[in-house]
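Reader: Hi! I have a new model open and would like to talk it through with you. Could you walk me around?

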Amino acid sequence: MTLALLHTSPVHVPVFDALRDADHPELTLRHLVHEDLLARARESGPEAVSGEVRALLAGAVADGARAVLCTCSTIGAVAEAESASLGVPVLRVDRPMAAAAAAQDRVVVLASITGTLAPTLALLAEEAGDRPVDVRTVVVDGAWARFEAGDRDGYLDLVAAAADAVTDSDVIVLAQASMADAVTRTVTRVPVLSSPRPGLAAAAAAAR
């Protein structure tokens, strides 16, 4: 049972391998890492990379993937839109997290790059439907520079500090999969949601 994962950073590979080992040992993961997709999506918009994403997903399916999980929230909608034409499930890692968040009344979304906010807000609105949800956004100042410099601890510490500064919310959403481990560094009493574990669980179920 093979699941392909489309990443825009190599840091996601060990994260999802560890989750697979813990939760889904029967699953074979095939990692596709294309950092350039995020750079171009940030510069020109997610639709600018749709053709390349389509080709990568088609290649993964041709190689035997039963489902594909896109772990980049910026291009998640572009990837998800290819599901019908490919004939296999294509999932975005942040949808299960967004569904859980949209059940609350007040949501704060943390992101380290502004380009993630529009896709995440659109997803939250889609999951909320007609239900009114108060959503606020925070871009964690300086975090992405730490990430790009390879300072993972500094990156996660800034994200955790931003989460701890949130008081008037029912839930905090970590918009990017790269932020997930900041959960272990927070002291806030507000529930903090991250995408990798629920996203992989949904993809594993789809691949069965």
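Author: Happy to. One term before we start: two strands count as paired if DSSP finds at least two bridges between them. Keep in mind, too, that this is a predicted model.

Reader: Got it. In β7, what is the bridge partner of Val 109?

Author: That partner is Val 173. Strand β5, residues 106-111, is joined to β7 by 4 bridges, and the two run parallel.

Reader: And β8, how many bridges join β7 to that one?

Author: There are 2 bridges between β7 and β8, again with the strands running parallel. Val 173 stands opposite Leu 193 there.

Reader: Which way do the β7 side chains point?

Author: Val 171 and Val 173 point one way, while Ile 172 and Leu 174 point the other way. All four are buried.

Reader: What is Ile 172 in contact with, leaving aside its neighbours within four places in sequence?

Author: Its contacts include Val 108 and Leu 110, along with Ala 163 and Val 166. Val 190, Pro 191, Val 192 and Leu 193 are also among them.

Reader: Let's turn to the largest nonpolar core. Which residues touch the most other members?

Author: Ile 172 is one of them, together with Leu 6, Val 53, Leu 57, Ile 75, Leu 110 and Tyr 155. That core has 41 residues. Helix α9, residues 152-164, supplies the largest share, 6 residues. There is also a second, separate core of 14 residues, including Leu 3, Leu 5, Phe 16 and Leu 200.

Reader: Nice. Where is Gln 176?

Author: Gln 176 lies in the loop between β7 and β8.

Reader: Buried or exposed?

Author: Gln 176 has a relative accessible area of 6%, so it counts as buried. Beyond its neighbours within four places in sequence, Gln 176 is in contact with residues including Ser 73, Ser 112, Thr 116, Trp 144 and Tyr 155.

Reader: What about Ser 9, where is that found?

Author: Ser 9 is in the loop between β1 (2-7) and α1 (12-23). Its relative accessible area is 7%, so Ser 9 is buried. Leaving aside neighbours within four places in sequence, Ser 9 is in contact with Val 33, Glu 35 and Phe 147.

Reader: Changing topic to cysteines: how many disulfides does the structure hold?

Author: The count is 0.

Reader: Now the whole chain. What does the secondary structure come to?

Author: The chain has 10 helices and 8 strands. Its radius of gyration is 16 Å, close to the 17 Å that the globule rule gives for 208 residues, so the chain is as compact as a globular protein of that length. The C-alpha atoms fill a box of roughly 45 × 40 × 35 Å along the principal axes.

Reader: And what percentage of the residues is buried?

Author: Buried residues make up 49% of the chain. The accessible surface comes to about 8,900 Å², and carbon and sulfur atoms account for 52% of that surface.

Reader: Last one: what share of the contacts joins residues at least 24 apart?

Author: Among contacts between residues at least 6 apart in sequence, that share is 68%.

Note on methods: Residues are numbered from 1 along each chain as its sequence is written. This is a predicted model: local features need pLDDT of at least 70, side-chain atom pairs count only at pLDDT 80 or more; totals for chains, interfaces and linings use all residues. Side-chain values use heavy atoms; hydrogens and water are left out. Buried means under 20% relative accessible area, exposed over 50%, partly exposed in between (1.4 Å probe, protein chains only). Contact means heavy atoms within 4.5 Å. A nonpolar core is a set of buried Ala, Val, Leu, Ile, Met, Phe, Trp, Tyr and Cys residues joined through side-chain atoms within 4.5 Å. A disulfide is a pair of cysteine sulfur atoms within 2.5 Å. The radius of gyration is taken over C-alpha atoms; the globule rule is 2.2 Å times the number of residues to the power 0.38. Accessible areas come from the Shrake-Rupley method with a 1.4 Å probe; for residues, only the protein chains shown count as cover.
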